Protein chains: 2
Amino acid sequence: MAGYSNRILRVNLTNRTFAEQTLDEALIHDFAGGRGFGVKLLYDDLKPGTDPLGDEGELIFLAGPLAGTNAQSFSRTKIFFKSPLTGGYFKSAAGGHWAPELRFAGFDGVIVTGISEKPAYLWLHDGQYEIKDASYLWGLDCDDTHTLIREEMRDPNIRVACIGPAGENLVKFAGVFTDRRAAGRGGAGAVMGSKRLKAIACRGSNRTIELADRAAFAAAVKEQIKGYQTNSGFAAFSANGTQFVVPVTNLNGMYPTKNFQEGVLRNWQSLSGDEFDKIRVRKTQCSVCMIHCGNLSKINKINSGRWAGAWSEGPEYETIWSFTGPVGKADIGLTVAVDKLCDDLGLDTISAGSAIGFAYELYERGIITRKDTGGLALHFGNNEPVMELVRQIAYREGFGDVLADGSLAAGKRIGHGAEKYAIQVKGLELPAYDPRGAKAHGLNFLTSPIGADHNTGYAPQEVFGSPFPFQVDRFAVERKGELAKWNQDLTALFEVGILCSFIPSQGMLSEETFGKLMSAATGVKDFADPAYLWKLGERIFNLERMFNVREGFGRKDDAFPERLTSEPMPAGASKGQVVEQEALLDDYYKVRGWDVKTGVPMAAKLRELGLGFAVKR
Amino acid sequence: MAGYSNRILRVNLTNRTFAEQTLDEALIHDFAGGRGFGVKLLYDDLKPGTDPLGDEGELIFLAGPLAGTNAQSFSRTKIFFKSPLTGGYFKSAAGGHWAPELRFAGFDGVIVTGISEKPAYLWLHDGQYEIKDASYLWGLDCDDTHTLIREEMRDPNIRVACIGPAGENLVKFAGVFTDRRAAGRGGAGAVMGSKRLKAIACRGSNRTIELADRAAFAAAVKEQIKGYQTNSGFAAFSANGTQFVVPVTNLNGMYPTKNFQEGVLRNWQSLSGDEFDKIRVRKTQCSVCMIHCGNLSKINKINSGRWAGAWSEGPEYETIWSFTGPVGKADIGLTVAVDKLCDDLGLDTISAGSAIGFAYELYERGIITRKDTGGLALHFGNNEPVMELVRQIAYREGFGDVLADGSLAAGKRIGHGAEKYAIQVKGLELPAYDPRGAKAHGLNFLTSPIGADHNTGYAPQEVFGSPFPFQVDRFAVERKGELAKWNQDLTALFEVGILCSFIPSQGMLSEETFGKLMSAATGVKDFADPAYLWKLGERIFNLERMFNVREGFGRKDDAFPERLTSEPMPAGASKGQVVEQEALLDDYYKVRGWDVKTGVPMAAKLRELGLGFAVKR
């Protein structure tokens, strides 16, 4: 079938065996690709209770059906796995250039199980595959790993997805990195590390993807580009990338500060787009994306002593926040330096920064002391220890070893009530939006299958005042179930193409145009029908839920720590707000067709979505 | 004329102007290329007394006339300049892939003068040239500079020669680095830094070098390859690169130890080829060289705690020595870690290690104390401070700022007799051969135009027992003048092609075969005549001497510190030896046709060599 190479490579690192799986028509029709394939394959493959870091732990790397074509913003790589951080279903995505190269190399995806005896990497090229020795790469940072694989294979055009020391050391929020883009969240890097798989490198010489209807596809791409050019979000992302969000969330009083004790960071203006403009070297981009939302940043000597010479590809909004909000200090230089450090060591910046902010609060409250931190003084406003803590997390040294299992596990280990200061859902640390100032955002954090993730159902209605599908009061509870579902299903439907999540958050691409791209690429007529796509999004989201239900998750796990539900925001534009968790969930479950008591999808809903196989017997 | 593009690019960074210089036939005939062009151009361009770090300071980057062809081992880049470390003529060379790429980009060389207002880099491609902004690269290490230039130009095949922080900070032994190969010695990096020139990047799409006689050239290359295959040095270099020298010099009692106080390092066996075999990842190579003498080394966790994960491309023999002999401790892990650190920061390993050993001796003698070193305890046998000292040198912090001007200048600044412990000639720190155990080696250190350099007239007769041109007793004074001249002129003649210096040191290429390559490439018949080539070598060496004479150098500057001439080697296979400096020089000057009193070439000798223009009037 066009649009797919119809080859998913299965690798068992324990036995060093390979198998090729072809995609059958029913799978393609019902799950379309990307996140659809990801959840279905993971659901089918993993027995409940599987240890994500054990022999049967599985990593599914997928390119979408539009990767490698000239459709815009579909170059992301998506990784599906059971998370060692949450114990549930997980998906994590990285931009860059890896996914198209995987397809040029002849594959739509790679599924890895087993544990290699020695460090290994996979080398995929022109339909061939090979397990190669990575002993020499073990311990290396991500940039060096890219360089040395390219040198070993004498081809500087090879694309690499790899882990850094954090993944090797099974840090539960270690990511997978490709050309300094991160599939950061949820610990895909730890799963890879547990398999002693340092990298997957790919390269292909056939650089054309077969399309079912080339003319229709070209027309749809034209339509997509026109849509971008007339969208205000396109202009904002092109200018500053996600950095433009800093003022928005601070002015809305939802920039989580001092471990979510406050909602506005003192001196946030020093992190505004204008300030990042001054340190921007140039815009960077993923393959076939005209937005160029990336930023190469560099602190020059003129600007700063301590951070002179620091550079990174980024930092993104989330990373800017992760190392300023949690520790309560705005320091643009640190955001650049620590962004690069996390890219080198292979760490998720959100969980790393958030775990550090959690440690700061414990320190301020006397739950931990200098003795625990090895002498580091974790006072809010003092960001001096941040770089060292990040390093300790990646190498599991000192107090870093405690934080390396994530805030929730660290809180349990520390005891003395520490756990309640871990700001997370299902073990995944919250990103840079205080849900007390954005209730549909909060509802998404609560119900996203991967835990508190902003990209599973971003609510631009609350952050940017987007009027689609309807205008909302960000503090209100009313209709937030409906809105959260809308955002979540929309995200899921676009992610069958592994579209960049910035695109739906800004309404840059319509379901109609996306449907044209999908059907012209694959020849599957139903994909052209927006109603079908919406049903597909819902199907995916419900199957993800059922993966978690099978693992024992339910309404009890759709829960914030009490700070967010009982401590009113003390100041700023969200002053006085809490998350009305139970009311929001009641409404949401009803809208979803899920059992309000248990949070489990009803059998009728599952059958309606063609998920009868997932109904509990 | 074939074999040359006949284009040398002149760039003035002050005025941002370019000029193209064509090579005239007389220059080609009399100086042939490479080191011949280098000394002639530098001699003509630089007024005596020029400040090497000033506006008129000049850097000449040359590719040889055989670079980019399929002749073996001619891919080296040679840089000519007045050294800020010695105040005299200097040449420094790096392997890798830059020189061929420069020729493919359409140029035989680049001459840079002036000082850019802002950090800049040069971009040469397909006959075009451009000065580009390098503000964003300033402060970056050498590897990152390579990566980001390739990313900026969206071409991973670009070749880069650049400086690191050491060059930017005008460290007088900062080098120029290309793909982790160093033109390390003499401070080319400082000159580049003074010009605010971060890098020269090149790329060409025409990858064929025009040859005068393609058939004759192919036959000569065949002859060259046959010569390699039947040479024992080829086998040794292929297996271990220069690492095989460690046992040789220790067993000969000439491995300089504890700042040249001893000649054998305790536990040197832990630095033997067998030990490096264990940490070798793979062999690496320069363009078009079948030797693959390079080593990618990596310390695995299994082997070592402190240095776990350290890796480098190398270390070479000289680097192994630089951070073991001077500080008196054999530690294979440190050699790897510090090799990479020097490659990153852009430092010459020989001068850096040697300067550190010098500081150790001052510390042990109480001439400097913990107060001077900022708390570092520089006891022989304690290599703990080495990495930090290297970093301080590159950034000119703390005591590193004192050492950053070289041992001799540091000794003068420190006072209290420190200067006499600076083991150098003309300010250039000695490499890893104690001349008390190898007198022709010593004579070469004394008289090499660049100071104590091993590659200007390496004496394999003394180190490996090579029988050419005659067998010698390494301790004897007799015939060492003749031998030093032979080695020096031979090296100079091969360096018109910028042949790798390992080749003549092992007798891997005859003058006859080299002559065939040179004449077939260029069409200049005289190049095929070994007698002409020998004369050419002598011509070059004498003009280099005259460059220095014009700067005020003479016999007084051909001098070792008194340790080497008056302190007999205390133990080992060179026990009891000193360098008989004056007797050796008397003999050498006579053989050279130089005035024995002043060390200046006689007018008759200069005229005989076609250097009448250099005779003092």
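Predicted model: local features only at pLDDT ≥ 70, side-chain atom pairs only at ≥ 80, totals over all residues.
If you want to find B:L23 on the screen, look in chain B at the loop between strand 2 (17-21) and helix 1 (25-31). Is B:L23 buried or exposed? Its relative accessibility is 7%, so B:L23 counts as buried.

Now to where the two chains meet. Chain A brings 28 residues to the contact, and chain B brings 28 residues as well. Between them they bury about 2,200 Å², and carbon and sulfur atoms give 45% of that area. On the chain A side, the residues that lose the most area to chain B are A:Y136, A:R282 and A:W311, which together make up 22% of what that side buries.

What about polar interactions? Between chain A and chain B there are 16 residue pairs in polar contact, with both residues at pLDDT 80 or more. The interface also has 4 salt bridges by the rule.

Which elements supply the chain A side that touches chain B? Those giving two or more residues are helix 4 (142-152), strand 13 (280-284), strand 14 (294-298) and strand 15 (311-313) of chain A. Helix 4 of chain A gives the most, with 6 residues. By residue class, this side of chain A splits into 9 nonpolar, 8 polar and 11 charged.

Last topic, the cysteines. How many disulfides does the structure hold? Over all chains, the count is 0. Take A:C293, which is in no disulfide: the nearest cysteine sulfur belongs to A:C500 and lies 6.1 Å away. A:C293 has 11% relative accessibility and therefore counts as buried. In chain B, B:C342 is in no disulfide either, and the nearest cysteine sulfur, that of B:C142, is 11 Å away. B:C342 counts as buried because its relative accessibility is 0%.

Key:
Residues numbered from 1 in each chain as written. Chains lettered and ligands numbered in written order. Heavy atoms only, no water. Contact = heavy atoms within 4.5 Å. Buried area = accessible area lost by both parts, 1.4 Å probe. Salt bridge = Lys/Arg side-chain N within 4 Å of Asp/Glu carboxyl O. Polar contact = N/O pair within 3.5 Å; in protein donor to acceptor, adjacent residues only side chain to side chain. Helix = DSSP H or I, 4+ residues; strand = E, 2+ residues; numbered from the N terminus. Nonpolar A, V, L, I, M, F, W, Y, C, P; charged D, E, K, R; others polar. Disulfide = S-S within 2.5 Å. Buried < 20%, exposed > 50% of the residue type's maximum accessible area, 1.4 Å probe, protein only.
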